[in-house]
Structures are given as structure tokens and as C-alpha cells.
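Q: I have a new model open and want to learn how to read its features. Where do we begin?

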Amino acid sequence: MSMTTNTNRMEYILDSVKRLLAIPSPSGYTAEAADFVKKELEDMGYHPVITKKKGVIADLGGGSGQDGEAILLASHFDTLGAMVREIKADGHLMLSNVGGLNANNVECENCTVHTRDGRKYSGTIQLIDASIHVNGKYSETLRTFDTVELVLDELVKTAEDVEKLGIMNGDFVTCDPRTVLTESGFLKSRFLDDKLCSGILLGLARYFYETGTKPKRRVYLDFTSYEEVGHGGAADIPEDVAEMISVDMGCVGKGLKCDETMVSICAKDSVGPYDYDLTTRLVQLAQEHKLQFAVDVYPYYASDVDVTLKAGHNLRHSVIGPGVYASHGYERTHVQGIENTYELLKAYLTE
């Protein structure tokens with residue numbers, strides 16, 4: 001069993017995040033991402049299971065396994081996306097957003113249409129009548145999914161031309177992630193929410209596997225697949241779970257203390273406050289380990305664990321994650337924020 005340094009472990013996390021970001025996985029189209037996560041965990045010696053909703057859950061062991069006080073860490077690998085809703089007479093496609101995809105954030109974005117029979121076609125999301133030299137109302141047009149369209153990179157001029165390619169209503173559309181890791185340590189990409197934290201959970205699993213360290217209590221990892229549409233955490237919660245931490249992006253923005261180098265601990269989101277004792281314990285650990293952290297209130301945010309509670313599960317709950325700027329757009333974090341989140345979770349599971 002090999003031993004690795006924290007530097008090597010961070011390299012593994014970043015590599016896992018980048019490989020996962022390269023896999024298209026909007027809510028409802030996550031089978032390939034689930035297979036990736038399952039194989040990574042199997043290579044470490046765990047026995048993960050793909051759920052009926054095409055998420056992944058794994059038991060890392062720890063504790064006695066009989067104390068009814070297990071911990072569940074949840075991240076999600078489903079992302080925002082879109083679906084073809086109409087093939088127009090001119091061969092362009094109208095879209096319906098999946099999750100909170102915003103038309104303002106995807107205009108001029110390269111994308112891919114995924115047909116039901118496995119074919120892929122590239123295209124670009126553009127404002128309808130996108131030429132500034134032609135459209136006098138270009139600047140004043142509100143960008144919505146009624147005013148933007150997908151222009152295929154195919155020689156099509158009619159709806160019939162498009163249908164001959166095998167494209168139909170209901171086909172998924174995914175945007176290019178454009179993942180970049182800068183020399184200064186910034187990670188920029190679409191869909192850091194929440195593949196970033198899925199990579200952190202894989203890094204924790206690798207830590208326990210390689211070091212032989214046992215968590216103080218039984219630990220489950222839950223990689224959910226429908227978080228972006230509001231029901232990711234509603235099912236597949238093991239009976240002995242007493243605490244659940246959603247490991248998801250931390251908010252960065254006006255009025256908040258967090259930046260991309262920090263681990264954000266959420267005290268309250270749009271649903272309500274998180275468990276006081278669990279949140280306080282996480283704050284204390286961050287202080288004891290001299291981690292860069294912030295405690296914030298998120299105004300327009302909800303997490304998997306909010307859904308878990310609404311589904312009737314009785315458990316303590318919290319949410320933490322690396323600070324992410326420009327959420328649901330072209331997002332940015334920093335390796336320091338990733339490391340601070342990883343170290344806080346490791347401390348909580350082992351101390």
C-alpha cells in the first residue's frame with residue numbers, strides 16, 4: 001500500500017476534477033460520470049454501488065458500524081445543461097434549460113447535441129439574428145431561452161435536414177467546460193459546481209485507502225445525480241446516518257466574506273439555518289487547524305441536504321465547500337480553497 005504526500009493527493013484531486021469536468025453530465029444524463037466515479041473508488045478497493053438514479057454511493061467503513069451515528073458526505077456530479085425543445089423551420093434549435101442554466105451565461109458558447117442513438121453534433125448558442133451589422137436591437141434584447149438558439153455546425157437549412165441527422169426534441173445539449181488551471185493556482189471552468197467537490201471526496205477516499213487510517217465513525221460518500229433540479233438528496237440515505245454534510249461550492253460575492261482561497265461554512269441558506277452544533281464544530285476545527293475559512297449566509301442557494309431533510313430524514317446537517325466565483329457561469333476557484341476544504345473534512349472525520 002503506497003503512501004503519498006499532501007502534494008500528491010492534491011494533484012490527484014485536481015486530476016480527478018479535470019477528468020470529471022471533461023465528461024458531459026447534465027441532470028438526467030449522468031451514466032458516464034457515475035461509471036467514472038465508481039471505477040475510481042473500485043480501484044481503491046471500495047465497493048461502490050450505482051443507484052437507480054445513476055448516482056454513486058460508497059461505504060468507507062470506520063467506527064463500529066453499529067452505533068447509528070454514521071456520517072454521510074454528499075457531492076453531486078450532475079450539472080446544468082439544456083435540451084432541444086424545438087427544431088425550427090430554418091434548422092436552428094430552440095432550447096429548454098436543465099437546472100439553473102442562464103441564457104446570459106451561454107450566449108456564444110460552443111456546445112454539443114447528444115442524440116438518443118449516440119451521435120454527437122457540435123454547435124454554438126447564439127442570439128437569434130446574431131449579427132450586430134444586421135440586428136439593430138442586438139444590445140437591447142433580453143437574453144432568455146426564447147431569444148437565443150443553437151446553431152448547428154452542419155449544412156442544414158430546414159427542420160427536415162436536422163431530423164435526417166437523428167436529432168429530435170428531448171436530445172440533451174451540453175456546453176464546453178473550457179477548463180483551465182493557471183500557474184497562479186486558479187482553476188477556471190464551467191461546472192465546478194459540483195464536480196470540484198466530487199474530486200475532493202475522491203481525494204478523501206484515497207487518503208483513507210492509502211494510509212490505512214480509519215474514520216472515527218462510519219463514513220459514506222454519496223455522489224448524487226439530480227441536485228441541480230432539486231431532488232438529488234431525496235433518496236439512498238443509509239439508515240444509520242446521523243449527520244450529513246453537503247460538500248458543494250461555497251458562494252463568493254457581494255456581502256459575503258468568502259473568497260476562492262477559503263473553505264466556506266454556510267450558516268444559513270435560502271431554506272433556513274443549518275444544524276448549530278455541527279456547524280459550530282466545523283468552525284472550531286477550522287480555527288484549530290488554522291485553515292482559511294469564512295462563515296456566510298447564502299441568499300439564493302439550497303443544497304442536497306436541504307432536500308434530504310424535506311424528504312423526511314432525521315439527521316444533523318451542514319454544507320461546506322471551496323469558494324467559487326461566478327456560480328452557474330464560467331466559475332473560478334483556487335487550489336488553496338480546495339485544500340482548505342479537504343483538510344477540514346479530513347479533520348472532522350478523524351478527530
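A: Start with how elements get their names. Helices and strands are DSSP runs, numbered from the N terminus. Keep in mind that this is a predicted model.

Q: Where does D236 sit?
A: D236 lies in the loop between β12 (219–224) and β13 (241–247). Its phi is positive, about 65°, although D236 is not a glycine.

Q: Is D236 buried, exposed or partly exposed?
A: Buried means under 20% relative accessible area, and exposed means over 50%. D236 has 36% relative accessibility, so D236 counts as partly exposed.

Q: What is the phi of C108?
A: C108 has a positive phi of about 70°, and C108 is not a glycine. Look for C108 in the loop between α3 (103–106) and β6 (110–114). C108 counts as partly exposed because its relative accessibility is 47%.

Q: Which peptide bond is cis?
A: The bond from D193 to D194 is cis, with omega near 10°. D194 belongs to helix α5 (residues 192–211).

Q: How do α1 and α2 pack?
A: Read the angle, then the axis distance. Helix α1 (residues 6–21) and helix α2 (residues 31–43) pack at about 155°, with axes 11 Å apart. Angles over 145 degrees count as roughly antiparallel, so α1 is roughly antiparallel to α2. Their crossing is right-handed.

Q: Which residues meet where α1 and α2 touch?
A: From α1 come Y12, S16, R19 and L20; from α2 come A33, F36, V37 and E40. By class, this contact has five nonpolar, one polar and two charged residues.

How values were computed:
Residues are numbered from 1 along each chain as its sequence is written. This is a predicted model: local features need pLDDT of at least 70, side-chain atom pairs count only at pLDDT 80 or more; totals for chains, interfaces and linings use all residues. Side-chain values use heavy atoms; hydrogens and water are left out. Helices (H or I, at least four residues) and strands (E, at least two) are DSSP runs, numbered from the N terminus. Buried means under 20% relative accessible area, exposed over 50%, partly exposed in between (1.4 Å probe, protein chains only). Axes are lines fitted to C-alpha atoms, for helices over the stretch in contact, and angles run from 0 to 180 degrees between N-to-C directions. Angles under 35 degrees count as roughly parallel, over 145 as roughly antiparallel, 65 to 115 as roughly perpendicular and the rest as oblique. A crossing is left-handed if the near helix is turned anticlockwise from the far one by less than a right angle, and right-handed if clockwise. Contact means heavy atoms within 4.5 Å. Ala, Val, Leu, Ile, Met, Phe, Trp, Tyr, Cys and Pro count as nonpolar, Asp, Glu, Lys and Arg as charged, and the others, Gly among them, as polar.
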